[in-house]
Amino acid sequence: MRLIILGATGAGKGTQARFISRILKLKHIEMGGLLRKEARKNKLIKKFMAQGKLIPDNITIRILNKEIKNKKSFVLDGFPRTLVQAKALRFKPDLVLFLNVGKDDIVKRLLLRKRFDDTKKNIEERYHLYLKKTLPVINYYKKKNVLVTINGNPSIKNVSKSIKKVLMKFSKFDN
Ligand code: AP5
Ligand code: MG
């Protein structure tokens, strides 16, 4: 099963992707994590991330393709984030989950987390890029009828419950 989880910065993609990975025994592929690893040896990537900017599509597509090569099942977190990335995907997702969370909650969560790129200014930039670049991806999958929107505002546990319900309805979930 190939599952994609999308949402704004701080929407809970990583948290819920780990939950899905555990209950469906799927590999969790986290684009931000792959890029943080890459940033240790690539100054350009580090600079983009530190400014809350998106890494150029050609770089992210190359890293992603290398990572998913020969993998048939995974939960992909944080990719695609642009229409160019969505159209470059070499597979058709079985399901795309969109975690919908209000901006105020996002800012609160991220200021509590304190990752190196969680400054107020950076969070604003990431949120702005989400509206500009990632919302079109969400609409793209909506039109393809593979998107399910999850209310991501409640507690972690309750969001996981909503996700589990969707997965149970989904025919390939046989637990
Ligand atoms: P990435 O690491 O993906 O960062 P992000 O999109 O900003 O999202 P986060 O990882 O911050 O949030 P999340 O949605 O995973 O939420 P989480 O579960 O951690 O990307 C980092 C950077 O890499 C980008 O800025 C960009 O530069 C680059 N990049 C990545 N992908 C790219 C791409 N495809 N193309 C180009 N560039 C790319 O939760 C956040 C916090 O909230 C945690 O503390 C968590 O405990 C808490 N929390 C989660 N759920 C809840 C809840 N329901 N209630 C209360 N708290 C909650
Ligand atoms: Mg994340």
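This is a predicted model: local features need pLDDT of at least 70, side-chain atom pairs count only at pLDDT 80 or more; totals for chains, interfaces and linings use all residues.

Residues are numbered from 1 along each chain as its sequence is written, chains are lettered from A and ligands numbered from 1 in the order in which they are written, and side-chain values use heavy atoms, with hydrogens and water left out.

Q: Which residues come nearest to ligand 1?
A: Count a residue as near if one of its heavy atoms lies within 4 Å of the molecule. That puts 30 residues around ligand 1. Of these, the ones that come nearest are T9, T15, K53, R81 and R113.

Q: Which residue has a polar side-chain atom 2.6 Å from an oxygen atom of ligand 1?
A: Polar contacts here are pairs of N or O atoms within 3.5 Å; within protein, one must be able to donate a hydrogen and the other to accept it, and residues adjacent in sequence count only if both atoms are side-chain atoms. I55 uses a polar backbone atom, 3.0 Å from a nitrogen atom of ligand 1. R126 has a polar side-chain atom 3.0 Å from an oxygen atom of the ligand. For the 2.6 Å pair, the residue is R81.

Q: How much of the area that ligand 1 exposes when taken alone does the protein bury?
A: Accessible areas come from the Shrake-Rupley method with a 1.4 Å probe; for residues, only the protein chains shown count as cover. Taken alone, ligand 1 exposes 1000 Å². The share of this that the protein buries is 88%.

Q: Which helix gives the most to the shell around ligand 1?
A: Helices are DSSP runs (H or I, at least four residues), as are strands (E, at least two), numbered from the N terminus. Helix 1 (13-24), helix 2 (31-39) and helix 6 (103-113) each supply at least two shell residues. The top contributor, with 4 residues, is helix 2.

Q: What is the volume of the largest pocket?
A: On a 1 Å grid over the protein atoms alone, a pocket is an open set of points where a 1.4 Å probe fits, with protein on both sides within 12 Å along at least five of seven lines; lining residues have an atom within 4 Å of a point. Ligand 1 takes up the space of the largest pocket (a molecule sits in a pocket if more than half of its atoms lie within 2 Å of its grid points). Grid points are joined across faces, edges and corners, and a volume is the space filled by probe spheres set on the points. For the largest pocket, that comes to about 890 Å³.

Q: Which helix gives the most to the lining of the second largest pocket?
A: This pocket is lined by L34, K37, E38, K41, R62, I63, K66 and E67. Helix 2 and helix 4 (57-68) each give two or more of the lining residues. The largest share, 4 residues, comes from helix 4.

Q: Where is the proline whose peptide bond from F79 is cis?
A: Most peptide bonds are trans. The one from F79 to P80 is cis, with omega near 0 degrees. P80 is found in the loop between strand 3 (74-77) and helix 5 (83-88).
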